Amino acid sequence: MQGKRILLGITGGIAAYRACELSRDFIKQGAEVRAVMTKNACKFIAPLTLEVLTNHKVHTDIFDEEVPGEVLHIEIAKWADIALIAPATANIIGKIACGIADDLLSTIVMALPQKTPVAFAPAMNVEMWNNPIVQKNISFLESLGTYHFIQPQEGLLACGDVGKGKIADNEMIIAAVKTLANAVSDKL
Ligand SMILES: Cc1cc2nc3c(=O)[nH]c(=O)nc-3n(C[C@H](O)[C@H](O)[C@H](O)COP(=O)(O)O)c2cc1C
């Protein structure tokens, strides 16, 4: 992961805390991480935690300005070698599948160059996961080639239900990101 630039998108689910562990693990392996959180993600964890872990400002708003005159979502989209959305809500998957760009994270994803892979680590209730709309959105995104899904696991979910929807283990997420990031480097 040495020198790899990872955009870590965090959306609004209980598994948002896992983004802290993931960012720490990526950085330990030599990557640079910039985190972008949805407004709903901020209900679950504080941007400050990720700011300290990543040593970068954590943006939540499309109108945040890092450098005066620079368009933030374009700058971050150009910067990233790979994007990982972990956890990925049903909502962000649906928005990206429909080309919706109504907040900072979804707009960055829309502005990424075609060569930049996007990995999703979905986490949601089993009924949400099994919803044919969610599954249709995932199949559609996978068919485009740039978007990759790290399958959630079966087990006891945060809401108390049992079934598929638990975010994948950190080791699986890190391995998938490494494979995708290296595949991009090999193509260059
Ligand atoms: C306590 C709580 C837990 C939630 N967990 C999840 C979740 O794990 N996965 C999911 O897709 N939505 C979950 N939601 C619903 C999302 O927060 C909601 O769909 C929201 O609009 C997502 O916004 P975002 O994708 O912009 O972050 C949860 C909501 C609450 C109140």
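This report describes the ligand shell, the helix packing and several single residues of one structure.

The model is predicted, so local features are reported only where pLDDT is at least 70, side-chain atom pairs count only at pLDDT 80 or more, and totals for chains, interfaces and linings use all residues. Residues are numbered from 1 along each chain as its sequence is written. The helices (H or I, at least four residues) and strands (E, at least two) named below are DSSP runs, numbered from the N terminus.

## The ligand shell

Around the ligand there are 15 residues, and the closest of these are Thr 11, Gly 12, Gly 13, Thr 38 and Thr 89; a residue is near a molecule if its C-beta atom, placed from the backbone, lies within 6 Å of it. By class, the shell holds eight nonpolar, seven polar and no charged residues, where Ala, Val, Leu, Ile, Met, Phe, Trp, Tyr, Cys and Pro count as nonpolar, Asp, Glu, Lys and Arg as charged, and the others, Gly among them, as polar. Helix H4, which covers residues 90-97, gives the most to this shell, with three residues.

## Helix H4 and its surroundings

Within H4, the residues Ala 90, Ile 92, Ile 93, Lys 95 and Ile 96 are buried, a term used when 20 or more other C-beta atoms, placed from the backbone, lie within 10 Å of a residue's own, whereas 12 or fewer make a residue exposed and counts in between make it partly exposed. These buried residues of H4 pack against E3, H5, strand E4 (118-122), helix H6 (126-130) and helix H7 (132-143).

Ile 92, which is found in helix H4, is buried because 26 other C-beta atoms lie within 10 Å. Leaving aside its neighbours within four places in sequence, Ile 92 is in contact with Thr 11, Ile 85, Leu 105 and Ser 106, contact being counted when two C-beta atoms, placed from the backbone, lie within 7 Å. Ile 92 and Phe 120 are 28 residues apart in sequence, and their C-alpha atoms are 9.6 Å apart in space. Just after H4, Gly 99 takes a positive phi of about 75 degrees.

## Packing of helix pairs

Two packed helices are described by the angle between their axes and the distance between the axes. The axes are lines fitted to C-alpha atoms, for helices over the stretch in contact, and the angles run from 0 to 180 degrees between N-to-C directions.

| Helix pair | Angle between axes | Distance between axes |
|---|---|---|
| H3 and H5 | about 55 degrees | 8 Å |
| H4 and H7 | roughly 50 degrees | within 9 Å |
| H1 and H2 | about 10 degrees | 9 Å |

Angles under 35 degrees count as roughly parallel, over 145 as roughly antiparallel, 65 to 115 as roughly perpendicular and the rest as oblique.

Helix H3 (residues 72-79) and helix H5 (residues 104-111) pack at about 55 degrees, and this angle makes H3 oblique to H5. Their contact is made by His 73, Ile 74, Ile 76 and Ala 77 of H3 together with Leu 104, Thr 107, Ile 108 and Ala 111 of H5, and by class it has six nonpolar, two polar and no charged residues.

The axes of H4 and H7 cross at roughly 50 degrees, which makes H4 oblique to H7. Here Ala 90, Ile 93, Gly 94, Ile 96 and Ala 97 in H4 meet Val 134, Asn 137, Ile 138, Phe 140 and Leu 141 in H7, and the residues of this contact divide into eight nonpolar, two polar and no charged.

With an angle of about 10 degrees, H1 and H2 are therefore roughly parallel to each other. In this pair, Ala 19, Cys 20, Ser 23, Arg 24 and Ile 27 of H1 meet Thr 49, Leu 50, Leu 53 and Thr 54 of H2, a contact with five nonpolar, three polar and one charged residue.

## Residues in loops and a cis peptide bond

Ala 16 lies in the loop between strand E1 (5-10) and helix H1 (18-28), and it is buried, with 25 other C-beta atoms within 10 Å. Apart from its neighbours within four places in sequence, Ala 16 is in contact with Ile 10, Ala 41, Phe 44, Ile 45 and Pro 87.

Most residues other than glycine have a negative phi, and most peptide bonds are trans. Pro 87 has its place in strand E3 (residues 82-88), and the peptide bond from Ala 86 to Pro 87 is cis, with omega near -5 degrees. Asn 55, in the loop between helix H2 (47-54) and H3, has a positive phi of about 65 degrees although it is not a glycine. Asn 55 is exposed, because 12 other C-beta atoms lie within 10 Å.
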